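Welcome! Let's take a friendly walk through a protein model, starting with its sheet and ending with the question of confidence.

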Amino acid sequence: MRRAAAVGAVALLALAAVAATSAEETAGAGDEPGRRTVPDFLGLGLWRVFTRRRTRLDVHDVSGRDRRVLWPSRWLVCTQYPAPGADLDRRTTVMIGVVRRGETCPPRVRTARR
């Protein structure tokens with residue numbers, strides 16, 4: 001019982017650390033001064049998305065099972081909104097739809113990819 005509680009606490013701390021760093025915003029090296037754009041996250045692992053660029057993210061499971069996304073390394077990106085290349089400002093939150101590694105994006109999601 002203690003081990004499960006400890007593992008849960010560690011997972012919660014790891015997720016909080018990732019969320020805190022992803023909420024910070026910095027300009028990318030290749031951007032024009034004062035202009036940021038949404039990168040293309042489709043097909044990437046969620047951990048790579050978190051470490052690639054500091055942007056506000058809203059992550060959800062698009063498989064239809066409504067699972068919680070606790071370990072970012074186990075998830076792949078299926079959808080994103082706004083589309084890659086759109087202007088990004090301080091208030092923009094990028095919506096990311098993910099599925100577990102080894103699963104395919106549902107057909108309704110693949111046809112409606114943003």
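## The sheet and its surroundings

In this predicted model, three strands form an open sheet with the order 2-5-3 and mixed pairing. The edges are strand 2 (57–61) and strand 3 (75–81), each of which pairs on one side only. From one strand to the next, the twist averages 30°.

How do the strands run beside each other? Strand 2 and strand 5 pair in the parallel sense, over five bridges. Strand 3 and strand 5, in contrast, run antiparallel and are joined by six bridges. Here are some residues that stand opposite each other, which you can look for in the structure:

| Residue | Opposite residue in strand 5 |
|---|---|
| Leu57 | Val94 |
| His60 | Gly97 |
| Val77 | Val98 |

Is strand 5 mostly covered or mostly uncovered? Strand 5 is mostly covered, as five of its seven residues are buried.

## Two loop residues

Now let's visit the loops. Thr92 sits in the loop between strand 4 (87–88) and strand 5 (94–100). Because its relative accessible area is 17%, under the 20% cut-off, Thr92 counts as buried. Its side chain makes a polar contact of 2.6 Å with the side chain of Asp89. Leaving aside residues up to four places away in sequence, Thr92 touches Arg56, Pro82 and Asp87.

Pro84 belongs to another stretch, the loop between strand 3 and strand 4. Is Pro84 buried or partly exposed? With a relative accessible area of 37%, Pro84 falls between the cut-offs of 20% and 50%, so it is partly exposed. Not counting residues up to four places away in sequence, Pro84 touches Val38, Pro39 and Asp40.

Finally, a word on confidence. The mean pLDDT of the protein is 74, and 64% of its residues reach 70 or more. Which residues have a pLDDT that stays under 50? That stretch is residues 16–31, for which the model has 23 contacts beyond four places in sequence. Where pLDDT is low, the predicted coordinates should not be read in detail. Keep this in mind as you look at residues 16–31, where pLDDT stays under 50.

Technical notes
Residues are numbered from 1 along each chain as its sequence is written. This is a predicted model: local features need pLDDT of at least 70, side-chain atom pairs count only at pLDDT 80 or more; totals for chains, interfaces and linings use all residues. Side-chain values use heavy atoms; hydrogens and water are left out. Helices (H or I, at least four residues) and strands (E, at least two) are DSSP runs, numbered from the N terminus. Buried means under 20% relative accessible area, exposed over 50%, partly exposed in between (1.4 Å probe, protein chains only). A polar contact is a pair of N or O atoms within 3.5 Å; within protein, one must be able to donate a hydrogen and the other to accept it, and residues adjacent in sequence count only if both atoms are side-chain atoms. Contact means heavy atoms within 4.5 Å. pLDDT is the predictor's confidence in each residue, from 0 to 100. Two strands pair if DSSP finds at least two bridges between them. Axes are lines fitted to C-alpha atoms, for helices over the stretch in contact, and angles run from 0 to 180 degrees between N-to-C directions.
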